[in-house]
Amino acid sequence: MTDNVINLLIKEALKAREMAYAPYSKYLVGAALVVPSGKIYTGCNVENASYGLTNCAERTAIFKAVSEGQRHIDAIAIVGGPLIDDDNLETDGYAYPCGACRQVMAEFRPESGDISVIVAKSETDYKIFRLSELLPHTFNI
């Protein structure tokens, strides 16, 4: 994966985060993923008063891709941070995917590969992991 792709995914995740609906936690998350064709899909977290119905940014992006016929993900970037006030969004740390998102990612990894998971504070401050590092011994049928 090139630096250009990494930077583009982070930039798109940062934009997606602006669309987050998080009135309860005030923690906004954006995600952007790329599929083998090079197409990028984005998502944001969408909270609900019934917390179990909340959807993470990563799964929103994955479900958008799947709903358009995609079945494999090459890489995903995730950014998150608290909303301090209406005009101030801060990224105070890396936003790692939750266990549910990791398992959903595993469902759509390439048949002969792994997914690159980029957790970022900015376009220049990020870490890259392989999904297999973040979720060893995935559940498979």
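**Buried cysteines and a strand hairpin**

User: How do I read burial here: is Cys101 buried or exposed?

Analyst: Cys101 is buried, with a relative accessible area of 0%. Buried means under 20%, exposed over 50%, and partly exposed in between (1.4 Å probe, protein chains only). Keep in mind that this is a predicted model, where local features need pLDDT of at least 70, side-chain atom pairs count only at pLDDT 80 or more, and totals for chains, interfaces and linings use all residues. Residues are numbered from 1 along each chain as its sequence is written, and side-chain values use heavy atoms, leaving out hydrogens and water.

User: How many disulfides are there?

Analyst: A disulfide is a pair of cysteine sulfur atoms within 2.5 Å, and by that rule the count is zero. The Cys101 sulfur has its closest cysteine sulfur in Cys98, 3.7 Å away, so that's too far for a bond. For Cys44 the closest one is in Cys56, at 11 Å, again too far. Cys44 is buried too, at 13% relative accessible area.

User: Why is strand S2 largely enclosed?

Analyst: Strands are DSSP E runs of at least two residues, helices H or I runs of at least four, numbered from the N terminus. S2 covers residues 40-44, and four of its five residues are buried, so the rest of the structure largely encloses it.

User: Which strand does S2 pair with?

Analyst: Pairing takes at least two DSSP bridges; S2 pairs with S1 (residues 27-34), antiparallel, over five bridges. Leu33 has Tyr41 in S2 as its bridge partner. Five residues lie between the strands of this hairpin, where Gly38 takes a positive phi near 95°.
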